[in-house]
Amino acid sequence: MIAFGMAVQSKWSCYETVIAERMNGVQLNVYGKAWSWLVYNIVTLIAVLGLPYIKPWSLKFGIPAICTLFATLLFSTTLCSYKHTLKPEGSLLTVFIRMFVAAASKLFYRIPKDPKELFENHDPELYSVPHTRSLRCLDKAAVIIPTKPIEEQENSKWRLCRVTEVEMTKAVIRMIPVFMTLIFCGVVFAIGFTYFMAQLNQMNPKVGRLKVPTIVLVWFFKKAQMKCVDFSGDLLDMLHLTKLAPRKFASALGIVISMILAILSCVTAAKVENRRLGVVREHGLVDKPDETVPMTMFWLLPQFLLLGAFDGVLHTTALQFFFHESPVPMQRYLPIFVSGVSSVGVLCSVLSVFVVGKISERGGKTNWFQHGLNQSRLDKYYWTLAWLMGVNIVIFVVAAIWYRCNESKLKDEELCGFNEAIDDMPNWTYTYNICGCYNLRITKE
C-alpha cells in the first residue's frame, strides 16, 4: 500500500494546472503568496513536531487520513462553481490509440514509396512534423485508400491519421528503451520511504537529553532534493549558455550522475546497516525488535541526503532530456510522464524484494527479509541494488547512444535544418513547489 501510495504521488502534478485555470490569468499578490507559504509551513511544522510524539499507530495514521478526507470534501464543495475556461485540446493517449487502430485497419495495404502520398493536413495553424523512415510499418495509419473519397476518410479519424500524429507516436516508441532505465531508479527511490524509515524508527533519536523527531531526516532529504533541483537546472543552463555542452548531451550526463548518486546512497546504506547489525548482535537485540538500538539515527543522514540529491538531479535532467526529444504537444505532459515512469519502479520495488528474497533462499540459505529488521540482511539488499544500478547505467548509456545515433541519421536524411529549430527552442525553468510537485515552465526569449 505504501508503494502504491508513492506511485500515485504524481497526482499532485495537476495541482498547478487546476489552480491556474481557476485563477484565469490572475496573479496572486505578495500578501496572497506570503499567506500560502505561511499556512503551508505552519501545518508542516505542526506535523513534524507533533506526530512523532503520538504513540498509538492508529492515531498516527488516523490523523493524516482524517485531514486528507477533510481536504477532499473541501475541494469537492468548489466543483459546483467550477467553470472550465480552457479549450480542450484532446488527449495524446487517444492519438496514439487512434494511430494503432488506423494502422491495424490497413494491415494489407502497401506503404507508398513517396512519403508525400501519405495523408497530412498542411494547415499552417496546426503543428506538423516531417516524415521519417523509421518504423515504416506505422505509416500505414496515414495511407490514403484510393477507392474511397478523401473527404470521407478525413472525417474518420480512427481510420486515417496525419503524418504528424504517426511521427509523434514513433518518437515516443523510440524513447521507450531510455524510459525503461528510469523504472529501476524508482525501485531505488522506494527504499527511502520503506526500509530507511524502518531503520530510522528503531534507532536512538536522542542528542544528549534532547529527543529529536525522526521526521527531521525526511526534512533533510526534501531539502537536498529541492537544492539539487535548483542546482542542476542552473548548471545545465550555464553549460548551454557557455556552449560547453548542448543541453541534450548535458542532460544525459546529468542522468548518469544521478544514477551514480543512487549507487553511493545504496553503498552508504549498506555500510551503515552492517554497522547497525553489529551493534544489534553486540547488545543481544536480534530477537528484540521493539527495543531501540543504541546507535544514533544521524548515522542515516548521509544516505538520506544522497537519495534526495539523486531524486532531484534525476527529475531535472530527465525532464530536460526528454523535453528536447519529444514532440511539442507532448512537452507539457512531461513532468507527469517522467514521474509516472519512475513511479512504476516504486511499484516494482515490491516485486524486487520478493525476487531477491527468493533468490537469497537458494541452497537452503536464510531469506534476507525476515519479520524483523534485526533478523534481516538489508545490507546485502542494498549492495544488490548498488550493482544493479551500475548495470542500469551501462544500459542507459547504450540506449542513449543508440537513440542519439538513430535520431541523428533521421534528422540528416529527412529533417535538414530541423536541428537549428531545436536549438532555438524557448527557455525553460524547472521548480519544485511547496506541494512537492515538479513544474516545467516554458518561456519565450
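Residues are termed buried under 20% relative accessible area, exposed over 50% and partly exposed in between, with a 1.4 Å probe and protein chains only. The model is predicted, so that local features need pLDDT of at least 70 and side-chain atom pairs count only at pLDDT 80 or more, while totals for chains, interfaces and linings use all residues. Residues are numbered from 1 along each chain as its sequence is written, and side-chain values use heavy atoms, with hydrogens and water left out.

The structure holds 13 aromatic pairs, a pair being rings of Phe, Tyr and Trp (its six-membered ring) with centres within 6.5 Å; planes under 30 degrees apart count as stacked, over 60 as edge-to-face and the rest as tilted. Among them is the tilted pair of Phe189 and Phe221, at 6.1 Å centre to centre and 40 degrees between the planes. Because Phe189 belongs to helix α7 (residues 163-190) and Phe221 to helix α9 (residues 215-241), this pair ties together parts 32 residues apart in sequence. Helices are DSSP runs (H or I, at least four residues), numbered from the N terminus. Phe189 is buried at 8% relative accessibility, and Phe221 is buried at 1%.

Trp219 and Phe220 form an edge-to-face pair, with 5.2 Å between centres and 75 degrees between planes. Trp219 is partly exposed, with a relative accessible area of 45%; Phe220 is also partly exposed, at 27%.

One aromatic cluster is formed by Tyr195, Phe196, Phe304, Phe369, Tyr381 and Tyr382. Elsewhere, Trp158 is located in the loop between α6 (150-155) and α7 and is partly exposed, with a relative accessible area of 41%.

Definitions and conventions
Helices (H or I, at least four residues) and strands (E, at least two) are DSSP runs, numbered from the N terminus.
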